[in-house]
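Visitor: I would like to learn how to read a structure like this one. Please show it to me and take me through it.

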Amino acid sequence: MEMNPLWQQKKLRELFKEKGIIVTVYSPLVAEGTLWGKSWVMDCEVLHETANQKGKTVAQVCLRWVYEQGVSLLVKSFNKERMNENLDIFDWKLSAEESAKMVLTNCSRVFGMARSDHYTSFTSS
Ligand SMILES: NC(=O)c1ccc[n+]([C@@H]2O[C@H](COP(=O)([O-])OP(=O)(O)OC[C@H]3O[C@@H](n4cnc5c(N)ncnc54)[C@H](OP(=O)(O)O)[C@@H]3O)[C@@H](O)[C@H]2O)c1
């Protein structure tokens, strides 16, 4: 299923867990840079703040958050540096405080729909 820090899919994940279904996440960066994708994850201020504090990239913070939710994930890149960057998420973790901040970025479906008021007001404050 599609999932990222801005579309956390909590209810669906709870259902899958209850049914013993293992989740694989696609488009965790919301297909950043493609014609059909969105830049909302890469533009998210919360992710930028965390990335700056940790010396990581926004993509790495996003992918690490997804990984920490106990799912597997598929991220795609044609660029060798970004492939390595995307793989470099396994020897560090988000703190409890950083993870708690991510909860505030949650909003309804990202692809093709406007961001929630909550997300807009949170990131613009
Ligand atoms: N099963 C399904 O229904 C389904 C649906 C959608 C997608 N998928 C699959 O899921 C995989 C990933 O999804 P996706 O390609 O749609 O979206 P994605 O992985 O979220 O985003 C890919 C885009 O992000 C860029 N990117 C990758 N790493 C980056 C980084 N570290 N920093 C900045 N930009 C970065 C890539 O550009 P560069 O190549 O220039 O790095 C590419 O334009 C694909 O293999 C896709 O086929 C499956």
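Visitor: How many of the 11 residues of helix H4 (residues 58–68) are buried?

Guide: A word on the model before that. It is predicted: local features need pLDDT of at least 70, side-chain atom pairs count only at pLDDT 80 or more, and totals for chains, interfaces and linings use all residues. Residues are numbered from 1 along each chain as its sequence is written. Helices are DSSP runs of H or I, at least four residues; strands are E runs of at least two; both are numbered from the N terminus. Buried means 20 or more other C-beta atoms within 10 Å of the residue's own, with C-beta atoms placed from the backbone. In H4, nine residues are buried. Among them are Val58, Cys62, Trp65 and Val66.

Visitor: What do the buried residues of H4 pack against?

Guide: Look for contacts: C-beta atoms, placed from the backbone, within 7 Å. The partners include strand E1 (24–26), helix H3 (45–54) and helix H6 (96–103). Val66 touches Met3, Asn4, Val25, Pro28, Val71 and Leu73, not counting residues up to four places away in sequence.

Visitor: Which residues touch the most other members of the largest nonpolar core?

Guide: Nonpolar side chains tend to be buried together in soluble globular proteins. A nonpolar core is a set of buried Ala, Val, Leu, Ile, Met, Phe, Trp, Tyr and Cys residues joined through C-beta atoms within 7 Å. Here the largest core has 21 residues; Leu29, Val41, Cys44, Leu47, Cys62, Leu63 and Val66 touch the most other members. H4 gives this core its largest share, seven residues.

Visitor: What comes just after H4?

Guide: Gly70, with a positive phi of about 80°.

Definitions and conventions
A residue is buried if 20 or more other C-beta atoms lie within 10 Å of its own, exposed if 12 or fewer, and partly exposed in between; C-beta atoms are placed from the backbone. Two residues are in contact if their C-beta atoms, placed from the backbone, lie within 7 Å.
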